[in-house]
Amino acid sequence: MKHLFFFCIVLLGIICLILFTGCGRSSDSQFPFVVPWDDDSATVTDMSPLLHMPAGKYGHVFVDSDGHLSLPDGRIRFWGVSMVFGACFPDKKDAEKIARHLAKSGVNLVRFHHFDMYTAPAGIWKSVKPDREINHKQLDKLDYFIYQLKSHGIYSSLSLLVSRPFHPGKEIDKSIEKISFPFNKRLTFTARKSLLFFDEAVNKVKKDFFVKILTHKNPYIGSDYAHEPAIAWIEPLNECSTFLAYHEGFFSGYPSYYKDTLNGKWIEWLLNKYGSKKNIIGSWEPKSFDNTKKIMTHKDFLENPGELIPRALRDSITCSISKNSGINQQDALKMSIDIAGMVSPAGIPFSDTLGIMDSASDLFPGISADDTRMNPRLWWRTIILMEKRIEGLKARTPYRFQFYFKSDINAMLTAGVIMNHHRINFQRIKTDENWSHYVSDTINPEDSSCITIQLGAILSQNTEFMLSHLILEEALDTEDPEAMLFEDVNKKSFELLGDSVVSINGIYDWYTFCGELESSYWEKETDFLKNSIGMQCLVASTMAGITSPFITRMADIVSDVDYWEHPRFHGEKAWDDNDWFVFNDSIFNYPYATKLSEGAINRVKGKPFIFSEYNHPHPNTFEAEALFFLSAYASLQDWDGVIVYSYSHTNNNWGSESIRNNFDIVQHPVKMISMIPAALNFLRFDTKPAERRITIPISKTEELDILSFRSLTWKMVDPELRGFDSSYALIHQTEVDPFLESSGPEGSFPRDFAGINNVYTADTGELLWNAAETGRGFMKLDTKKTKVFAGFAGKSIRFSGGDIDVLHTLQDGYCALSLSSLSGSSIEEPGTFLLTALGTVRNTDSKWFIYPDKRVKFPPPRGKEVTMRNKWGKFPTIVEGIQAKITIYNSTKNPEVYSLDGRGERRGKIDVTAGTGSFSFEISSENKTLWYEIEMK
């Protein structure tokens with residue numbers, strides 16, 4: 001009996017050990033790993049031989065006849081990082097170490113950004129009230145840093161006006177202090193720098209600073225920045241345009257001094273065009289919503305309430321008529337939403353996606369439901385409540401709709417119009433238990449004379465909405481057009497003629513005026529920089545998405561920015577450290593959501609194109625894919641530069657051994673390791689540019705129409721409104737051509753493309769985006785020298801020359817793997833190769849939440865809003881070891897594989913199994929590394 005008892009105890013212990021080992025597998029696959037911030041050792045991972053030393057040795061960067069960045073000895077691409085705020089001013093003892101480490105990582109450009117906002121240690125000013133005098137100790141640090149970068153083959157780019165506070169001083173009117181948004185500093189400095197387009201005093205203060213910086217002689221280099229070839233380009237105005245200023249409400253919100261100044265220029269422009277007020281009236285034909293014709297009344301919306309709901313959601317939304325419960329005792333529409341069982345038309349549960357796009361088959365004739373485009377970045381938690389299609393409207397005639405609304409909980413409604421399959425005039429409006437009134441912006445139907453009114457809701461629980469007094473109305477002629485028109489023109493004309501008077505031609509004139517105002521600014525700015533100062537480096541445009549291609553083409557370089565799932569803030573204060581989240585999913589599950597496609601269609605024909613900011617911000621647990629994705633598709637598009645935002649925001653604690661915020665990569669081991677193969681691929685032109693280039697012609701007339709009635713704040717001129725499909729950018733090179741007077745019907749791009757089962761293969765055959773299986777998207781790049789897989793792996797990943805079998809990861813097969821040739825011509829030839837195997841990363845003791853405060857274990861689930869609040873944890877960083885079997889088809893004798901430490905030094909030898917014409921080996925967390933050296937002699 002005792003023996004039986006002892007046997008049972010031993011057996012139970014063995015079972016517990018097995019269970020414990022099995023359960024602990026996830027935690028065992030994580031281990032500390034740090035890439036030293038000051039490492040410059042000459043290991044196999046040293047990419048500095050790719051760089052020109054010193055930077056600028058061949059002369060100034062210029063634009064060649066093909067519209068690319070070049071040097072006298074041929075084309076040059078830039079793989080860069082941003083230094084932000086205090087990081088622009090490292091101590092001299094750190095500057096050389098940073099430069100050497102960046103060079104080793106393959107970085108050949110540093111963008112200096114946001115150095116014009118603060119005093120030391122985060123900015124260049126001696127004082128910000130007023131911001132006129134430069135702190136020469138800070139300038140000396142900047143000079144020395146640029147000198148060190150140049151010495152180690154790294155060019156510089158200067159963002160000269162980003163977040164300058166522009167306080168009054170003697171030159172600027174004191175009312176500028178009233179332009180303030182305490183809850184969001186970005187709005188404050190963007191609104192103030194928007195004054196540059198029409199205020200001479202602000203322009204003079206700006207020019208004085210430009211002169212001081214660009215004509216200042218760097219004592220360590222021996223030349224000023226205006227003539228220094230290691231300065232690749234400058235950005236004279238970051239993320240600012242007249243259209244942005246208008247859309248954000250800056251123009252209408254200015255204090256009277258600036259409002260009157262702008263208004264005076266507007267009236268002067270009108271009189272120069274028309275000659276007299278009488279001619280303006282004759283052209284504008286002003287209408288008024290004080291005098292309207294009812295096209296649809298509330299009764300029309302009540303006729304078949306159930307038909308208002310998209311078919312895909314009729315099981316989840318109940319629409320009924322509530323008798324005598326609306327405004328003025330009208331019958332109201334009552335819409336009850338049950339989110340528990342909701343699925344998208346593609347069959348994705350609402351709980352997984354937190355967003356339901358409209359039913360494509362309902363809205364877009366000829367498009368099936370499984371083609372519905374899930375896009376979390378634009379439609380977070382948006383449920384389409386109702387749609388009403390209206391035909392027979394007059395083209396180029398002003399309409400608007402209005403209604404009263406309330407809900408049983410605090411929620412958010414979205415309201416707008418679908419016109420030719422594209423959303424316009426969409427607004428978000430808060431709703432609660434009290435009745436509120438909504439009035440849309442002016443709607444100007446196109447020739448199709450058909451619109452769809454759409455209402456959506458942003459919510460996270462079951463809700464009931466009440467809608468009353470729904471009306472669609474047409475504006476009619478004013479009774480006294482001269483009196484109404486010119487009272488508005490003289491007082492608040494840039495608010496599009498006030499609330500009551502509307503003129504389609506007047507709106508066109510306003511956007512034309514804004515465009516000419518901005519074009520004039522850029523013409524004068526370029527003349528000042530290149531002729532008055534004598535600057536020899538190139539000029540980059542402001543962010544392309546916020547302005548017009550007719551304006552960005554005036555710069556030497558067209559630039560754009562974006563992020564996959566930028567942190568979002570839903571509290572009272574933007575950039576609240578304790579109230580934010582990122583949507584946690586791989587970009588490869590959303591081929592229509594990527595902004596890289598949108599960036600690709602902001603490229604202007606004949607101009608170099610750069611992405612001046614890009615990242616997949618932490619704590620997205622799928623961020624290992626970020627730089628591989630950027631490198632592959634920027635190469636396919638044959639762009640001239642990409643810049644990761646950001647390397648660091650501070651000039652201290654460079655060696656923190658922990659991830660410090662959403663953006664900084666200086667101590668982010670996964671991104672710093674992926675930096676090297678991504679830079680190799682981009683700088684060596686490993687990925688072939690797409691063979692076909694699709695040009696989207698946009699004439700002045702078409703652009704004006706888009707700007708006037710269909711533009712969005714951060715996407716002013718959308719080529720998709722010309723019928724262009726953004727997924728073309730995953731297959732071919734794309735660009736816009738604003739040089740044509742008329743683009744003709746439908747443009748010159750293909751009309752027959754559709755991704756087959758959500759699979760997009762580049763026309764070179766080297767690059768594949770596969771989103772066929774819901775929630776398991778991936779990218780595969782297969783070139784001679786660079787192989788990349790990023791996304792959710794199946795049983796086996798096949799490349800030319802090798803296979804990878806992924807055996808275990810923390811996120812259901814998710815990984816980012818690369819194999820790069822360092823000396824051989826291909827994987828099938830002898831040489832030295834670098835293998836990286838990347839997954840999740842976190843700080844020690846970091847806390848993870850489903851937004852806003854539901855604690856979860858690491859890693860958090862896919863498809864949720866994830867936050868760490870302010871619980872970032874401490875050093876060191878903890879990474880995931882991917883378990884996989886690597887097979888390489890190469891007949892080399894005695895291949896050797898080594899695990900590498902954070903510096904790229906050999907740490908240990910990996911067992912290799914030889915086969916017939918191949919060899920294989922396994923990697924896992926036991927190797928305690930993220931990268932490996934393969935030697936094939």
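Which side chain meets that of Arg 75 in a salt bridge? The model is predicted, so local features need pLDDT of at least 70 and side-chain atom pairs count only at pLDDT 80 or more, while totals for chains, interfaces and linings use all residues. Residues are numbered from 1 along each chain as its sequence is written, and side-chain values use heavy atoms, with hydrogens and water left out.

**View 1. Arg 75 and Asp 640 meet in a salt bridge.** The two side chains come to 3.5 Å, N to O, where a salt bridge is a side-chain nitrogen of Lys or Arg within 4 Å of a carboxyl oxygen of Asp or Glu. Arg 75 lies in strand S4 (residues 74-75) and Asp 640 in the loop between helix H18 (626-636) and strand S26 (641-648), so the pair ties together parts that are 565 residues apart in sequence. Helices (H or I, at least four residues) and strands (E, at least two) are DSSP runs, numbered from the N terminus. Asp 640 is buried, with a relative accessible area of 1%, whereas Arg 75 is partly exposed at 29%; buried means under 20% relative accessible area, exposed over 50%, and partly exposed in between (1.4 Å probe, protein chains only).

**View 2. Glu 735 and Arg 693 form a salt bridge.** The distance from N to O is 3.2 Å. This pair links distant parts of the chain, with Glu 735 in strand S28 (residues 733-737) and Arg 693 in strand S27 (residues 693-697), 42 residues apart. Glu 735 is buried at 2% relative accessible area, while Arg 693, at 33%, is partly exposed.

**View 3. Glu 133 forms a salt bridge with Lys 126.** Their closest N and O atoms are 3.4 Å apart. Glu 133 is partly exposed, with 46% relative accessibility, and Lys 126 counts as exposed at 54%. By the salt-bridge rule, the count comes to 43.

**View 4. Asp 46 is buried yet has no salt bridge.** Asp 46 is placed in the loop between strand S1 (30-32) and strand S2 (62-63). The nearest side chain of opposite charge, that of Lys 104, is 6.2 Å away; here Lys and Arg count as positive and Asp and Glu as negative, with His and the chain ends not counted.

**View 5. The rings of Phe 181 and Phe 183 form an edge-to-face pair.** A search of the whole structure finds 58 aromatic pairs, in which rings of Phe, Tyr and Trp (its six-membered ring) have centres within 6.5 Å, and planes under 30 degrees apart count as stacked, over 60 as edge-to-face and the rest as tilted. The centres of Phe 181 and Phe 183 are 6.1 Å apart and their planes stand at 90°. Both residues are partly exposed, Phe 181 at 22% relative accessibility and Phe 183 at 40%.

**View 6. Phe 401 and Tyr 438 form a tilted aromatic pair.** Their rings are 5.7 Å apart, centre to centre, with 50° between the planes. Phe 401 belongs to strand S15 (residues 399-407) and Tyr 438 to strand S18 (residues 436-439), 37 residues apart, and the pair thus links distant parts of the chain. Phe 401 is buried at 2% relative accessible area, and Tyr 438 is buried at 3%.
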